[in-house]
Amino acid sequence: MQPANDSHREFESLALPLLDALYNFARWLSHDQSEAEDLVQETFTKALRGFSSFAPGTDFRAWMFRILRNTFLTSRTGLQAKLTVPLDPEEEAAAGVTWETPETLAVASATREALQQALSELPLAYREVVLLCDVEEMKYAEIAEVLSVPIGSVMSRLARGRKLLRQMLAGERPAGIRKVDGRR
Amino acid sequence: MSCREWHDRLQSYVDAALPPQEMEAFRAHAAHCPDCGSAALSLMETKGALRRAGRRYEASSDLRARVVATTHQAATDEGTAKARSAITLFWPRWAITAAAVLLLAAGLFFLANRSQHPSSLAEFADLHVATLASANPVEVVSTDRHTVKPWFQGRIPFTFDLPELQGSPFTLVGGRVAYFHQEPGAQLIFGYQKHMISVFIFRETPQLGIAPASFSDRGTSFNLQTWTQDGLRYVLVSDVNAAKLQDLAVLLQHHA
């Protein structure tokens with residue numbers, strides 16, 4: 001059946017190409033196939049309902065990812081993830097980055113599986129920012145819009161998240177990181 | 001700028017987030033500074049490795065179909081709601097009441113006469129046309145009946161069998177869930193040369209209100225075939241000629 005009007009057609013033409021990326025992100029957030037599928041479907045429903053409030057010319061992709069992330073954060077898994085790994089405000093402020101070359105090499109030479117395992121164990125606040133930056137290749141401003149935080153926080157979380165990843169792959173287990181069972 | 005200062009900007013350089021002139025300045029610096037150059041290269045490799053590892057999951061065709069269906073459903077619902085609010089805005093209450101009474105009378109007349117009327121069949125022709133006009137005519141795309149049939153499991157409240165088409169001039173294009181009078185059913189799309197044929201399968205209920213006999217309708221430019229078998233109502237709609245439609249009907253009847 002045909003969409004009722006042009007606005008729905010426009011929504012579809014903008015949103016459907018993002019389906020795989022949104023699903024990938026949802027799956028990394030929730031670690032679960034059916035939960036990720038529900039998240040994506042709910043995101044599309046909410047986005048379509050609010051499409052009239054979406055300002056043309058602004059970033060549609062960031063808007064969709066923000067809806068997905070907010071939906072996830074209010075889900076049961078999302079609430080648990082938020083409770084178990086609170087962001088350290090002092091860590092937020094410390095944006096300085098230093099590079100330990102051996103650890104950096106550990107990431108570059110790690111197998112795909114090892115990287116995926118480390119990424120899935122990364123606390124949510126860092127996992128999401130690394131995914132948006134490195135996998136979705138979003139600009140800092142776009143990520144800031146998805147997460148509703150200042151660009152400075154995006155940069156410090158990225159630095160911290162990448163550092164944690166490097167440490168994990170170099171065989172260290174940074175404090176506060178627990179092993180996650182490889183759920184579906 | 002010193003190496004120390006560049007180190008603080010390394011991440012932004014790798015993420016291409018520095019202003020253009022600083023991006024250029026770093027490239028010039030790295031060309032002469034092996035430390036900064038290798039640090040940047042290593043971070044870029046890290047970024048690339050993460051990108052490859054992070055692109056891990058793809059939406060299933062099932063999810064894609066569900067999302068498309070939800071979007072279409074919402075579009076239809078909204079269209080109806082808008083039409084309703086437009087009526088309330090522009091028409092005085094008495095006019096709406098009068099219109100409702102007229103509609104009710106017309107509806108009763110229709111109900112009383114529909115057993116002799118092919119109106120319901122014309123609605124199937126509408127569904128057929130709307131489907132072909134859609135950007136996504138089928139939700140499950142497959143020429144294999146063993147793929148199409150299981151796809152309907154859990155989506156419609158009955159099951160049906162599909163014929164072997166090898167050796168026949170017909171091909172299976174795919175299927176979708178169709179709704180008729182609030183009842184979910186299967187809509188299968190078959191191809192015959194360049195023509196498309198919709199085969200609707202619904203549970204036979206009194207609400208369906210279709211004349212029980214099989215016939216072709218010359219009132220619309222479409223040919224229609226319909227029959228009931230094992231409690232299921234089959235309706236074939238297409239612009240192919242009646243004889244060809246009959247051939248497909250026979251195939252379906254013998255395998256259903």
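This is a tour of a predicted model, going through chain A and then chain B.

**Chain A**

Select chain A and colour it by secondary structure. There are 11 helices and 0 strands, so the sequence reads as α-α-α-α-α-α-α-α-α-α-α under the helix and strand assignment used here. Of its 184 residues, 44% count as buried. Take the contacts in chain A between residues at least 6 apart in sequence: 70% of them join residues at least 24 apart.

**Helices 9 and 11 of chain A**

Next, select residues 124–135 and 151–169 of chain A, which are helix 9 and helix 11. Their axes come within 8 Å and cross at roughly 100 degrees. That makes helix 9 of chain A roughly perpendicular to helix 11 of chain A.

Show the side chains at this crossing. Helix 9 of chain A contributes A125(A), Y126(A), V129(A), V130(A) and C133(A). From helix 11 of chain A come V154(A), R157(A), L158(A), R160(A), G161(A), R162(A) and L164(A). Sorted by class, the contact has 8 nonpolar, 1 polar and 3 charged residues.

**The largest nonpolar core**

Now select L22(A), A26(A), V40(A) and I143(A). These residues have the most contacts inside the largest nonpolar core, which has 58 residues. Which helix gives the most to this core? Helix 9 of chain A does, with 9 residues.

Centre the view on A26(A). Leaving aside residues up to four places away in sequence, A26(A) touches A36(A), L39(A), V40(A), L68(A) and F72(A).

A second, separate core has 29 residues, and L172(B), V199(B), V235(B) and L245(B) are included in it. Keep these four labelled for the stops in chain B.

**Chain B**

Select chain B. Its secondary structure comes to 8 helices and 6 strands, in the pattern α-α-α-α-α-α-β-α-β-β-β-β-β-α along the sequence. Buried residues make up 27% of the 256 residues in chain B. Among contacts in chain B with a separation of 6 or more, residues 24 or more positions apart account for 56%.

**The sheet of chain B**

Hide everything but the strands of chain B. They form an open sheet of 6 strands, in the order 1-2-3-4-6-5 and with antiparallel pairing. Strand 1 (140–141) and strand 5 (223–229) of chain B stand at the edges; each has a single partner strand, so one side of each lacks a neighbour in the sheet.

Strand 1 of chain B is antiparallel to strand 2 of chain B, and 2 bridges pair them. Look there for V141(B), which stands opposite G174(B) in strand 2 of chain B.

Move on to strand 3. Strand 2 and strand 3 of chain B run antiparallel and are joined by 10 bridges. L172(B), one of the residues of the second core, stands opposite F190(B) in strand 3 of chain B. Strand 2 and strand 3 of chain B also form a hairpin with 2 residues between them. Select H181(B) in the turn, where phi is positive at about 50 degrees.

Continue to strand 4 (residues 195–203) and strand 6 (residues 232–238) of chain B, which pair in the antiparallel sense over 7 bridges. Is strand 6 of chain B mostly covered or mostly exposed? It is mostly covered, with 6 of its 7 residues buried.

Strand 5 and strand 6 of chain B pair in the antiparallel sense over 7 bridges, with Y234(B) in strand 6 of chain B as the bridge partner of W227(B). These two strands make a hairpin with 2 residues between them, in which D230(B) takes a positive phi near 50 degrees.

Terms used
Residues are numbered from 1 along each chain as its sequence is written. Chains are lettered from A and ligands numbered from 1 in the order in which they are written. This is a predicted model: local features need pLDDT of at least 70, side-chain atom pairs count only at pLDDT 80 or more; totals for chains, interfaces and linings use all residues. Two strands pair if DSSP finds at least two bridges between them. Helices (H or I, at least four residues) and strands (E, at least two) are DSSP runs, numbered from the N terminus. A residue is buried if 20 or more other C-beta atoms lie within 10 Å of its own, exposed if 12 or fewer, and partly exposed in between; C-beta atoms are placed from the backbone. Two residues are in contact if their C-beta atoms, placed from the backbone, lie within 7 Å. Axes are lines fitted to C-alpha atoms, for helices over the stretch in contact, and angles run from 0 to 180 degrees between N-to-C directions. Angles under 35 degrees count as roughly parallel, over 145 as roughly antiparallel, 65 to 115 as roughly perpendicular and the rest as oblique. Ala, Val, Leu, Ile, Met, Phe, Trp, Tyr, Cys and Pro count as nonpolar, Asp, Glu, Lys and Arg as charged, and the others, Gly among them, as polar. A nonpolar core is a set of buried Ala, Val, Leu, Ile, Met, Phe, Trp, Tyr and Cys residues joined through C-beta atoms within 7 Å.
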